[in-house]
Amino acid sequence: MIQIEIDNGSGFCFGVTTAIKKAEEELAQGTTLYCLGDIVHNGMECERLRNMGLITINHDEMRQLHNVKVLLRAHGEPPETYELARRNNIEIIDATCPVVLQLQKRIKTQFDESRNVESGMRNENTPQIVIFGKKGHAEVLGLVGQTQSNAIVIESFDEVTKLDFSRDIYLYSQTTKSLDEFHRIIDYIQSHITSGATFKSFDTICRSVANRMPNISQFATKHDLILFVCGRKSSNGKVLFNECLRVNPNSHLIEDPQEILSEWLENIKTVGICGATSTPRWLMEQCRDAILKMQG
């Protein structure tokens with residue numbers, strides 16, 4: 001009989017848990033509730049909430065709504081979204097993660113200060129606000145929005161060379177990015193920034209997410225087979241799965257139990273099931289139950 005362990009460190013982070021709880025509370029009251037974007041990057045959890053009545057919309061669809069309730073998910077939104085809600089008399093149920101909210105405020109403060117400074121500077125000397133994050137990601141769009149779209153987004157260490165090292169650089173990070181890669185970017189900028197230019201970095205990576213990297217690495221080494229359960233749109237999930245794959249080549253990313261192949265279970269003694277910050281516990285348990293059923 002194959003032994004199966006579900007990683008206790010995997011599953012929803014605080015921000016996602018709070019957003020889902022707020023949605024469930026509103027829906028339990030019989031409220032018509034819209035959610036701007038997928039509440040979590042997991043198709044099966046989105047389906048569960050859709051069956052409860054949650055209506056997922058995009059920004060274009062929100063512009064057509066008036067006098068309704070709209071939930072903002074944990075990723076956060078740019079200022080324009082709040083302004084749109086005010087114009088259309090939309091009640092916002094704000095489930096922005098507190099960590100993301102704090103980061104938005106820090107970037108906006110920095111941008112406002114930079115604008116005051118640059119009023120007396122030539123354009124080529126104005127400070128650069130840089131965000132290490134995934135272009136187009138919901139959280140990053142919310143962060144860039146704090147700078148009236150003036151922030152520079154770099155997705156990886158390879159893109160750091162496009163910065164102007166003769167100008168001031170203020171570096172922030174999307175909350176779910178790799179801590180190691182962030183530190184590589186810091187080291188590179190520090191060694192290339194010109195004399196007279198200021199460089200400041202702000203470690204804004206969520207520790208509840210960052211700490212999962214060493215934990216999941218240790219978990220993946222313990223088992224013959226790793227099943228990483230995650231929606232394929234999850235940025236955090238891709239980072240964590242790649243870490244599993246690095247330490248255990250016999251790792252597979254799956255979205256649901258139907259993707260488990262019986263040949264994966266041949267000649268193995270232990271299976272580890274883990275997931276992203278967007279992976280519900282019940283889905284990992286379904287994968288465990290599917291393996292038990294496959295064994296007869």
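Reader: Let us begin with asparagine 89: is it buried or exposed?

Author: Asparagine 89 counts as exposed, because its relative accessibility is 52%. Here buried means under 20% relative accessible area, exposed over 50% and partly exposed in between, with a 1.4 Å probe and protein chains only.

Reader: Before we continue, what kind of model is this, and how are residues numbered?

Author: This is a predicted model, in which local features need pLDDT of at least 70 and side-chain atom pairs count only at pLDDT 80 or more, while totals for chains, interfaces and linings use all residues. Residues are numbered from 1 along each chain as its sequence is written, and side-chain values use heavy atoms, with hydrogens and water left out.

Reader: Where does asparagine 89 lie, and what is its phi?

Author: Asparagine 89 is in the loop between α4 (79–87) and β5 (91–94). Its phi is near 55°, which is a positive value in a residue other than glycine. Helices (H or I, at least four residues) and strands (E, at least two) are DSSP runs, numbered from the N terminus.

Reader: And what about asparagine 267?

Author: Asparagine 267 also has a positive phi, near 60°. It is found in the loop between β11 (251–254) and β12 (270–275), and it counts as exposed because its relative accessibility is 82%.

Reader: Back to α4, then. Which of its residues are buried?

Author: Thr81, Leu84 and Ala85 are buried in α4. They lie on the same side of α4, because they cover an arc of only 100° around the axis (the arc of the directions from the helix axis to the C-beta atoms). An α-helix has 3.6 residues a turn, so residues three or four places apart point the same way.

Reader: What do those buried residues pack against, and what is on the face turned away?

Author: The buried residues of α4 pack against β2 (33–36), α3 (59–63), β4 (69–72) and β5, where contact means heavy atoms within 4.5 Å. The face turned away from the buried side carries the exposed residues Arg86 and Arg87.

Reader: How is β4 placed?

Author: Both faces of β4 are covered: Lys69 and Leu71 are buried on one side, and Val70 and Leu72 are buried on the other. In a regular strand the side chains alternate between the two faces of the sheet.

Reader: Which strands does β4 join?

Author: β2 and β4 run parallel and are joined by 3 bridges, and cysteine 35 has leucine 71 in β4 as its bridge partner. β4 and β5 also run parallel, with 4 bridges between them, and valine 70 stands opposite isoleucine 92 in β5. Two strands pair if DSSP finds at least two bridges between them.

Reader: A new topic: what is the strand order in the open sheet of 4 strands?

Author: The order is β7-β6-β8-β9, and the pairing is parallel. β7 (152–154) and β9 (199–201) stand at the edges with a single partner strand each, so one side of each has no neighbour in the sheet. Neighbouring strands are turned by 20° against each other on average, direction ignored.

Reader: Which helix packs on that sheet?

Author: Helix α7 (residues 179–192) packs on it and touches β6, β7, β8 (169–173) and β9. The direction of α7 makes about 175° with that of β8; axes are lines fitted to C-alpha atoms, for helices over the stretch in contact, and angles run from 0 to 180 degrees between N-to-C directions.

Reader: How many aromatic pairs are there?

Author: A search of the whole structure finds 5 aromatic pairs. Rings of Phe, Tyr and Trp (its six-membered ring) pair if their centres lie within 6.5 Å; planes under 30 degrees apart count as stacked, over 60 as edge-to-face and the rest as tilted. One of the pairs is phenylalanine 132 with phenylalanine 182, stacked at 6.2 Å centre to centre with 15° between the planes. This pair links strand β6 to helix α7, with its residues 50 residues apart.

Reader: Is phenylalanine 132 buried or exposed?

Author: Phenylalanine 132 is buried, with a relative accessible area of 0%.
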